[in-house]
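Colleague: Before we look at anything in detail, could you take me through how to read the features of this model, giving the general idea each time and then the case at hand?

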Amino acid sequence: MQTWALYSLKGGVGKTAAAVNLAWEAAGAGRRVLLWDLDPQGAATWYLRTDDDPGMAAKKVVAGKVPLGRHVRPSRYARLDVLPADFSFRHMDALLKAASGSKKVLRRLIEPFSENYHLLILDCPPGIGTLAAGILRAADQVLVPTVPTPLSLRALERVREFADSENVPEANLRPFYSLVDRRKRLHRDLLEHPPELMRGAPKAWIGYSADVERMGEARAPIGAFAPSSPAASQFHRLWKALDKGR
């Protein structure tokens, strides 16, 4: 099983949209996929119309008192399951910090899923802390959506510094451009001449699109309600590039 984490220091960079659409693409390609919504906002859970699970309390999760597999819920899409978020996940950092072997807890929790899934996608909350450290260590690919602006690139620089401090192999870090608006000169320039910070990025990128916003209305991946849209094509190309490691 491969584990991909959608992670960023910043909110509002298209992280959850990417997690949901990449999970849908992978399932459509025949993979058995589990999306774990670690963000207490629960946007991925909501997009995929998955019911909340009152038993998914952060304290129980960290303690390992109940097998996580009991909380998995099917989505409306074949081969795509969801481990729903809970608002108590806002306490995850503090709980992990207090746990023994805190940086290894997440890896221990996800290991059993390798028996049933080809791909685990983690939709992660923004920020740096014990949870983020565990995510970086557990993921085979850390996908960092980055808006082509100086501030977003600065956040990516911090992510790289954090990953380095946690001894995460540089090859595991895969930034990609998100919310690209080619009407803006700055966006065009950074897209055509990516800085060194974007090393390891796939050639594919995701544009700014009304269809991403429409996900909230449709509560579905873009490919499910607007399959002919540019955004659907962009997410398909991103999935193919990441799957092939290009």
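Modeller: Let us begin with residue classes: Ala, Val, Leu, Ile, Met, Phe, Trp, Tyr, Cys and Pro count as nonpolar, Asp, Glu, Lys and Arg as charged, and the others, Gly among them, as polar. The model is predicted, so to speak of a local feature requires pLDDT of at least 70 and side-chain atom pairs count only at pLDDT 80 or more, whereas totals for chains, interfaces and linings use all residues. Residues are numbered from 1 along each chain as its sequence is written, and side-chain values use heavy atoms, with hydrogens and water left out.

Colleague: How many residues line the largest pocket, and which lie nearest its centre?

Modeller: A pocket is an open set of points on a 1 Å grid over the protein atoms alone, where a 1.4 Å probe fits and protein lies on both sides within 12 Å along at least five of seven lines; lining residues have an atom within 4 Å of a point. Its volume is the space filled by probe spheres set on the points, which are joined across faces, edges and corners. Here the largest pocket holds about 340 Å³ of space, and 18 residues line it, with G12, G14, K15, T16 and A17 lying nearest the centre. By class, this lining has eight nonpolar, six polar and four charged residues.

Colleague: Which helices supply at least two residues of that lining?

Modeller: Helices (H or I, at least four residues) and strands (E, at least two) are DSSP runs, numbered from the N terminus. In this model α1 (15–28), α2 (43–47) and α9 (210–218) each supply at least two residues of the lining of the largest pocket, and α1 gives the largest share, three residues.

Colleague: What is the volume of the second largest pocket?

Modeller: The second largest pocket has a volume of about 160 Å³, and among the 13 residues that line it D93, P125, P126, G127 and L131 are closest to its centre. Both α4 (92–98) and α6 (130–138) supply at least two of its lining residues, with α6 giving the most, three residues. Nine residues of the lining of the second largest pocket are nonpolar, two are polar and two are charged.

Colleague: Is α6 mostly covered or mostly uncovered?

Modeller: Buried means under 20% relative accessible area, exposed over 50%, and partly exposed in between (1.4 Å probe, protein chains only). By that rule eight of the nine residues of α6 are buried, including L131, I135 and L136. A contact means heavy atoms within 4.5 Å, and what covers the buried residues of α6 includes β1 (2–6), α4, α5 (102–110), β5 (119–123), β6 (141–146) and α7 (150–165).

Colleague: Which residues in the largest nonpolar core touch the most other members?

Modeller: A nonpolar core is a set of buried Ala, Val, Leu, Ile, Met, Phe, Trp, Tyr and Cys residues joined through side-chain atoms within 4.5 Å. The largest one here has 45 residues, of which W36 and L122 touch the most other members, and α6 gives the most to this core, with six residues. Among the contacts of W36, leaving aside residues up to four places away in sequence, are M56, F89, L106, L122 and D123. A second, separate core of 36 residues includes A17, V82, A220 and W239.

Colleague: Why does P175 count as buried?

Modeller: P175, which lies in strand β7, counts as buried because its relative accessible area is 0%. Beyond four places in sequence, P175 touches residues including V144, L156, R160, R199 and G200. P175 and G200 are 25 residues apart in sequence, yet their C-alpha atoms are 6.9 Å apart in space.

Colleague: How many salt bridges does the count come to?

Modeller: A salt bridge is a side-chain nitrogen of Lys or Arg within 4 Å of a carboxyl oxygen of Asp or Glu, and the count comes to 12. E170 pairs with R199, the closest N and O atoms being 2.9 Å apart. The pair links distant parts of the chain, 29 residues apart, with E170 in the loop between α7 and β7 and R199 in the loop between α8 and α9. R199 counts as partly exposed because its relative accessibility is 29%. R199 also meets E196 in a salt bridge (3.8 Å, N to O), and E196 is exposed, at 58% relative accessible area. Through shared partners, salt bridges join K15, D39 and D123 into one network.

Colleague: In which loop does D181 lie, and with which side chain does D181 meet in a salt bridge?

Modeller: D181 lies in the loop between β7 (173–177) and α8 (185–192), and its side chain meets that of R183 at 2.9 Å, N to O. D181 counts as buried because its relative accessibility is 9%, whereas R183, at 68%, counts as exposed.
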